[in-house]
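Subject: Structure handover

Hello,

Here is the structure you are taking over. Please keep it open while you read; my notes follow below it.

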Amino acid sequence: MKKQKVIKYKLPTGSSSARVRDAVMVLPSFGPSINIRSAKAHLSALLELVAGGKEVVITSDGKPKARLVPVDSAPKRKPFRVDRELLASMPMQTAGPFSTELIRAERDERW
């Protein structure tokens, strides 16, 4: 396979990322934010800003709608573990309606 050439572009001082930095406002409760129209127009520059470690809130009609965060800053989730001892200690259901009966009854009510 051919090696892909990596090209890095240098942004001039009056570039769109500088314009995005100017367009980003600071809301007291949400931190840096930008309206959705500016975010659409300058998405690549906005992504560079976020990749640099900043969080940006995207607003629509002055209300926050989304938050852009760097990938590495996302909190790590604990993997789900099954407690087999707890499951083994639970008694089996032998009386009352079973789940299959409840589902069948609900489906029959719809028709």
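Glu 55 and Arg 67 form a salt bridge, and their closest N and O atoms are 3.4 Å apart. The term stands for a side-chain nitrogen of Lys or Arg within 4 Å of a carboxyl oxygen of Asp or Glu. This pair links distant parts of the chain: Glu 55 is in the loop between helix 3 (43–51) and strand 3 (56–60), while Arg 67 is in strand 4, twelve residues apart. Glu 55 counts as partly exposed at 38% relative accessibility, and Arg 67 counts as exposed at 56%. Here buried means under 20% relative accessible area, exposed means over 50%, and partly exposed is in between (1.4 Å probe, protein chains only). Helices (H or I, at least four residues) and strands (E, at least two) are DSSP runs, numbered from the N terminus.

Before you go further, note that this is a predicted model, in which local features need pLDDT of at least 70, side-chain atom pairs count only at pLDDT 80 or more, and totals for chains, interfaces and linings use all residues. Residues are numbered from 1 along each chain as its sequence is written, and side-chain values use heavy atoms, with hydrogens and water left out.

How many salt bridges does a search of the whole structure find? There are three. Besides the pair above, one joins the side chains of Asp 108 and Arg 104 (4.0 Å, N to O). Another joins Arg 110 and Glu 106 (2.8 Å, N to O). Asp 108 and Arg 104 both lie in helix 5 (residues 99–110), four residues apart, which is about one turn of the helix. Arg 110 and Glu 106 are likewise in helix 5, four residues apart, about one turn of the helix. Asp 108 is partly exposed at 47% relative accessibility, as is Arg 104 at 46%. Glu 106 is partly exposed with 42%, whereas Arg 110 is exposed with 60%. As background, side chains of opposite charge can pair when their charged atoms come close.

Next, the overall layout. The protein chain has five helices and four strands, in the order α-β-β-α-α-β-β-α-α along the sequence. Of its 111 residues, 17% count as buried. The accessible surface comes to about 10500 Å², and 57% of that belongs to carbon and sulfur atoms. These areas come from the Shrake-Rupley method with a 1.4 Å probe; for residues, only the protein chains shown count as cover.

Now the inside. Which residues make up the largest nonpolar core? The six are Ile 34, Ala 39, Leu 46, Val 50, Val 56 and Ile 58. The elements that give two or more residues to this core are helix 3 and strand 3. A nonpolar core is a set of buried Ala, Val, Leu, Ile, Met, Phe, Trp, Tyr and Cys residues joined through side-chain atoms within 4.5 Å. Ile 34 lies in strand 2 (residues 31–35) and is buried, with a relative accessible area of 1%. Ala 39 is in contact (heavy atoms within 4.5 Å) with Ile 34, Leu 46 and Ile 58, leaving aside its neighbours within four places in sequence.

Helix 3 has Ala 45, Leu 46, Leu 49 and Val 50 as its buried residues. They lie on the same side of helix 3, because they cover an arc of only 145° around the axis. That arc is taken from the directions from the helix axis to the C-beta atoms. The face turned away from the buried side of helix 3 carries the exposed residues Ser 44 and Ala 51. Just after helix 3, Gly 53 takes a positive phi of about 110°.

Asp 61 also has a positive phi, near 55°, in a residue other than glycine. Most residues other than glycine have a negative phi. Asp 61 is found in the loop between strand 3 and strand 4 and counts as exposed at 75% relative accessibility.

Last, the surface. Phe 80, Val 82, Leu 86, Leu 87 and Met 90 form a nonpolar patch with about 560 Å² of accessible area together. Patches are made of residues with over 30% relative accessible area and no salt bridge: like charges are joined within 9 Å, nonpolar side chains (Val, Leu, Ile, Met, Phe, Trp, Tyr) within 5 Å. Val 82 lies in the loop between strand 4 (63–68) and helix 4 (84–89), and Val 82 is partly exposed at 43%.

Regards
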